[in-house]
Amino acid sequence: MLALEVIEGADRGRRFPLPPGEPQLIGRSSEAIPLSDTSVSRRHAELTPRDDTWLIRDLESTNGTDVNGHEVAQLTGVSIGDVIRCGQTLLRVIEVDELIAGPAATLNRPLPPPPTLPDDPEACRQALDLVWRAAHRGTDEAIEIQPLLDAEGSQPEPPGVELARWVQQILQKADQAQNQDRLAAMGETVAIVSHAVKNILQGLQGGAGAIELALAKGDLDLARQGWPILARNLDRIHDLTFNMLAWSRTHHLDIEPQPLQPLIDDIVELQQPICKTRRITLSTRGENLEAVPFDSGAIHQALLNLVVNAIEAAPPRRGTVQIVTGRSDDMLDAVITVIDDGPGIPVAVQEEIFEPFASSRGQRGTGLGLAVTRRIAEAHGGSVALRSAQGQGATFEIRLPLHAAHEDPGKTDVPPLAEPDHQAFEP
């Protein structure tokens with residue numbers, strides 16, 4: 001069977017089979033040959049089987065398709081050894097003996113059933129000891145027995161060697177699965193962040209172009225039209241950068257009892273210029289809470305995300321946004337509520353908007369704000385809740401425990417020493 005092997009590009013090392021008689025789509029939206037390279041179009045090229053050969057054609061992709069350095073302008077035959085370029089990805093046509101679908105393909109191959117333990121109690125104990133040492137990869141014990149496990153086929157083998165090899169295969173398979181999941185998540189994150197940055201850069205280019213034209217014409221009114229575009233996208237860069245930092249740092253919190261009102265006043269002062277421009281009323285009310293345990297920088301970012309979203313949602317020239325403080329009914333939590341009179345959030349998407357890179361603001365959002373806010377609140381032992389309905393505005397509520405346990409942030413947890421079970425070592 002023929003297959004495509006990625007020899008250069010974001011998916012390097014992956015292999016994709018070319019099943020006989022089945023046309024195969026290459027592209028970011030393909031199920032057969034999906035590539036994560038963003039220079040590859042969603043529907044980039046198509047491979048079609050004909051008799052004993054494969055033909056490739058470009059599907060009017062943005063960056064074109066080459067075979068062995070020659071642009072594909074019509075149906076072109078490919079064979080073993082040929083190199084196909086799609087965007088910045090190079091794929092070589094190879095021959096394989098089994099069905100392959102990238103590095104994760106080996107994860108789908110079932111392992112043989114585990115060998116059985118010997119019946120003799122002493123041999124069974126020796127076998128379990130060998131398995132235990134084999135499972136502790138990277139330790140001196142594992143290194144000591146590795147030559148024994150590598151010497152497959154030696155006769156006679158000590159009890160448990162076959163089972164220890166099986167355990168090692170299981171652990172290696174788990175490592176492969178974990179690495180594959182990590183790479184897939186990393187690729188997805190990079191693609192989404194790149195998309196957000198690309199949109200911001202396009203906005204900056206548009207605003208800069210308008211201002212450049214205005215300067216060339218000496219037209220101040222035209223420059224005023226371009227500046228809001230620049231300012232808006234600079235704000236988006238600020239939001240994306242600080243939310244990404246907050247997303248990665250929320251496990252390092254410096255929680256101290258302190259008043260909430262100064263933090264809220266600072267956020268209101270920061271947002272007053274945009275509220276004035278949009279003619280939106282931003283107000284605060286409620287109880288003045290003096291000793292709430294929280295990390296000032298983290299909660300500032302969490303609350304700022306909610307307020308920015310509320311201002312964006314409120315209708316221009318008549319909208320209102322309120323920040324309300326108080327205590328929960330059981331008096332155990334401080335509650336900060338942000339209320340807007342915007343269009344509201346449909347029930348169907350209310351849970352998913354808290355996921356990373358999900359945004360209800362379309363191109364205006366970065367998709368990290370609400371995820372960061374939830375993560376920060378939960379890191380404080382609190383929570384974030386949403387109440388909203390289509391056409392009825394939105395109410396976001398941050399809850400922070402009023403009596404959080406205070407610990408030294410530099411403290412390292414050490415598990416208690418286990419009491420030895422002498423009977424477990426009895427033969």
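Guide: Here is a chat about confidence, a sheet, some salt bridges, the cores and one histidine.

Visitor: What is the mean pLDDT of the protein?
Guide: This is a predicted model, and its mean pLDDT is 78, with 75% of the residues reaching 70 or more.

Visitor: Which stretches have pLDDT below 50?
Guide: Residues 98-109 are below 50, and that stretch has 23 contacts in the model beyond near neighbours in sequence. Residues 420-427 are below 50 too, and there the count of such contacts is 3. Where pLDDT is low, the coordinates should not be read in detail.

Visitor: OK, on to the open sheet. In what order do its 6 strands come?
Guide: The order is E2-E1-E11-E10-E7-E8, with antiparallel pairing.

Visitor: Which are the edge strands?
Guide: E2, at 15-18, and E8, at 70-71; each of them pairs on one side only.

Visitor: How many bridges join E1 to E2?
Guide: There are 4 bridges between E1, residues 2-8, and E2, and the two strands run antiparallel. Glu5 stands opposite Arg15 in E2. The two strands form a hairpin with 6 residues between them, and Gly9 in the turn has a positive phi of about 130°.

Visitor: And how many join E10 to E11?
Guide: Also 4 bridges, between residues 83-86 of E10 and residues 89-95 of E11, again antiparallel. In that pair, Cys86 stands opposite Thr89 in E11.

Visitor: Switching topic: how many salt bridges does the structure hold?
Guide: It holds 9 salt bridges. As a rule, side chains of opposite charge can pair when their charged atoms come close.

Visitor: What does Arg85 form a salt bridge with?
Guide: With Asp66, the closest N and O atoms being 3.0 Å apart. The pair links distant parts of the chain, 19 residues apart: Arg85 is in E10 and Asp66 is in E7, residues 65-67.

Visitor: Is Asp66 buried or exposed?
Guide: Asp66 is buried, with a relative accessible area of 15%.

Visitor: Which residues are linked in a network of salt bridges?
Guide: Asp333, Arg387, Glu397 and Arg399 are linked in one. Asp333 pairs with Arg399, and their closest N and O atoms are 3.8 Å apart. That pair links distant parts of the chain, with Asp333 in E16 (residues 333-340) and Arg399 in E18 (residues 394-401), 66 residues apart.

Visitor: What about Arg387 and Glu397, how far is N to O there?
Guide: Their side chains meet in a salt bridge at 3.5 Å. Arg387 lies in E17, residues 383-388, and Glu397 in E18, so the pair ties together parts that are 10 residues apart in sequence.

Visitor: Now the inside. Which residues in the largest nonpolar core touch the most other members?
Guide: Of its 43 residues, those are Leu260, Val292, Leu303, Val307, Val321, Phe396 and Ile398. Elements that give two or more residues to the core include helix H5 (261-278), strand E14 (292-294), helix H6 (296-313) and strand E15 (320-327), as well as E16 and E18. The largest share, 10 residues, comes from H6.

Visitor: What is Val321 in contact with?
Guide: Leaving aside neighbours within four places in sequence, the contacts of Val321 include Ile280, Leu282, Ala310, Ile311, Ala314, Val338 and Ile339.

Visitor: And which residues does the second core include?
Guide: That separate core has 20 residues, among them Leu4, Val6, Cys86 and Val93.

Visitor: Last one: where is His380 found?
Guide: In the loop between H7 and E17. His380 counts as buried, at 6% relative accessibility.

Visitor: What does the His380 side chain reach?
Guide: The backbone nitrogen of Asp295, at 2.9 Å. Leaving aside neighbours within four places in sequence, His380 is also in contact with residues including Leu253, Ile255, Pro293, Phe294, Leu400 and Pro401.

Terms used: Residues numbered from 1 in each chain as written. Predicted model: local features only at pLDDT ≥ 70, side-chain atom pairs only at ≥ 80, totals over all residues. Heavy atoms only, no water. pLDDT = per-residue confidence, 0-100. Contact = heavy atoms within 4.5 Å. Pairing = 2+ DSSP bridges. Salt bridge = Lys/Arg side-chain N within 4 Å of Asp/Glu carboxyl O. Buried < 20%, exposed > 50% of the residue type's maximum accessible area, 1.4 Å probe, protein only. Core = buried A, V, L, I, M, F, W, Y, C linked by side-chain atoms within 4.5 Å. Polar contact = N/O pair within 3.5 Å; in protein donor to acceptor, adjacent residues only side chain to side chain.
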